[in-house]
Amino acid sequence: MSINLIKAIQQNGSYPELKKIDPNVQHAEENNVGQDIDFSQAAIAAVLAGLYKYSQSDEGAAEILNADSNVWVDKIFEADKIAAVEKVATYSNVSHINADAEMNSIATEAVKLVRENVATNEKIKNVKSFLLSQRTDILLYLPPELNMGQVLHDNTIDD
C-alpha cells in the first residue's frame, strides 16, 4: 500500500490543506494567509523531515518501529528540539508550548502511520526505505524559512 504521509497526517488531523512550495520562488503555490495554515504547513513538514532524518540511523529506525513514546519530538530532534520547535512557533506565530504539544501529536500520528505501513516483523531497513520514499513529498511542502536543513544538520534538506 502506498501512502503519502503529508496528506494522511493532514487529513487524519483535520488540518487545512497544505500547499506545495514553488522551488522557483520559495513559497507556497498560492498565497495562504492565516495562523492555522502556516502552523500546519510548518509543523507537519518539519516533523516529517525530522522523522525522515531520524529514521536513517539504525537506532532511530528501530525506535520508530518498536518504541512507545509520547515525546517523539524530543527523540527526533534530540539536542536541536528547542530550535526546531522555536522555528515552527515563530514561522506560524504560535506559542512555543502550543507548537511543541502539537508537533508531538503530529509525530505520534506519523509514527503510527509508519508502523501501519511497515510490518513489525520487517527489518529496520524497511523503515528507512519507507521514509526515504517519502522524502521528496516532505520537501515539497517544507517552508524554506524554517531552515530545517540547518536544524537537522543536513544541507540537502534546504536545497
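What follows is a working chat about a predicted model of one protein chain.

Biologist: How many helices and strands are there in the protein chain?

Modeller: In this predicted model, the protein chain has 8 helices and 2 strands, and along the sequence these elements follow the pattern α-β-β-α-α-α-α-α-α-α.

Biologist: And what share of the residues is buried?

Modeller: Of the 159 residues in the protein chain, 46% are buried, while the accessible surface comes to about 8,100 Å², with 46% of that surface belonging to carbon and sulfur atoms.

Biologist: What about contacts, how much comes from residues 24 or more positions apart?

Modeller: Taking the contacts with a separation of 6 or more, residues 24 or more positions apart account for 69% of them.

Biologist: Let's pick a residue, then. Where is Leu 131 found, and is it buried or exposed?

Modeller: Leu 131 is found in helix H7, which covers residues 124–141, and it counts as buried because its relative accessible area is 0%, where buried means under 20%.

Biologist: Which residues does Leu 131 touch, leaving out those up to four places away in sequence?

Modeller: Leu 131 touches Leu 5, Leu 51, Tyr 52, Ser 55, Ile 64 and Val 114, once residues up to four places away in sequence are set aside. Of these, Ile 64 is one of the buried residues of helix H3. Another residue of that helix, Ala 61, is 70 residues from Leu 131 in sequence and 9.4 Å from it in space, C-alpha to C-alpha.

Biologist: Staying with H3, which of its residues are buried?

Modeller: Helix H3 runs over residues 58–66, and its buried residues are Gly 60, Ala 61, Ile 64 and Leu 65. They lie on the same side of H3, because they cover an arc of only 135° around the axis. An α-helix has 3.6 residues a turn, so residues three or four places apart point the same way.

Biologist: What does the face of H3 turned away from the buried side carry?

Modeller: That face carries Glu 59 and Asn 66, both of them exposed.

Biologist: Changing topic, how many salt bridges does the structure hold?

Modeller: The structure holds 8 salt bridges. One of them pairs Glu 63 with Lys 75, with the closest N and O atoms 2.9 Å apart, and this pair links distant parts of the chain, since Glu 63 sits in helix H3 and Lys 75 in helix H4 (residues 72–77), 12 residues apart.

Biologist: How accessible are Glu 63 and Lys 75?

Modeller: Glu 63 is at 25% relative accessibility and therefore counts as partly exposed, and Lys 75, also at 25%, counts as partly exposed.

Biologist: Which residues are linked in a network of salt bridges?

Modeller: Asp 74, Lys 81 and Asp 100 are linked in such a network. Within it, Asp 74 and Lys 81 form a salt bridge whose closest N and O atoms are 3.0 Å apart. Asp 74 counts as partly exposed because its relative accessibility is 32%, whereas Lys 81, at 16%, counts as buried.

Biologist: And in helix H6, where do Lys 112 and Glu 109 lie along it?

Modeller: Both lie in helix H6 (residues 96–117), 3 residues apart, which is about one turn of the helix, and their side chains meet in a salt bridge with an N to O distance of 3.4 Å. Lys 112 is partly exposed, with a relative accessible area of 40%, while Glu 109, at 18% relative accessibility, counts as buried.

Note on methods
Residues numbered from 1 in each chain as written. Predicted model: local features only at pLDDT ≥ 70, side-chain atom pairs only at ≥ 80, totals over all residues. Heavy atoms only, no water. Helix = DSSP H or I, 4+ residues; strand = E, 2+ residues; numbered from the N terminus. Buried < 20%, exposed > 50% of the residue type's maximum accessible area, 1.4 Å probe, protein only. Contact = heavy atoms within 4.5 Å. Arc of directions from axis to C-beta. Salt bridge = Lys/Arg side-chain N within 4 Å of Asp/Glu carboxyl O. Areas by Shrake-Rupley, 256 points an atom, 1.4 Å probe, with all protein chains shown as cover.
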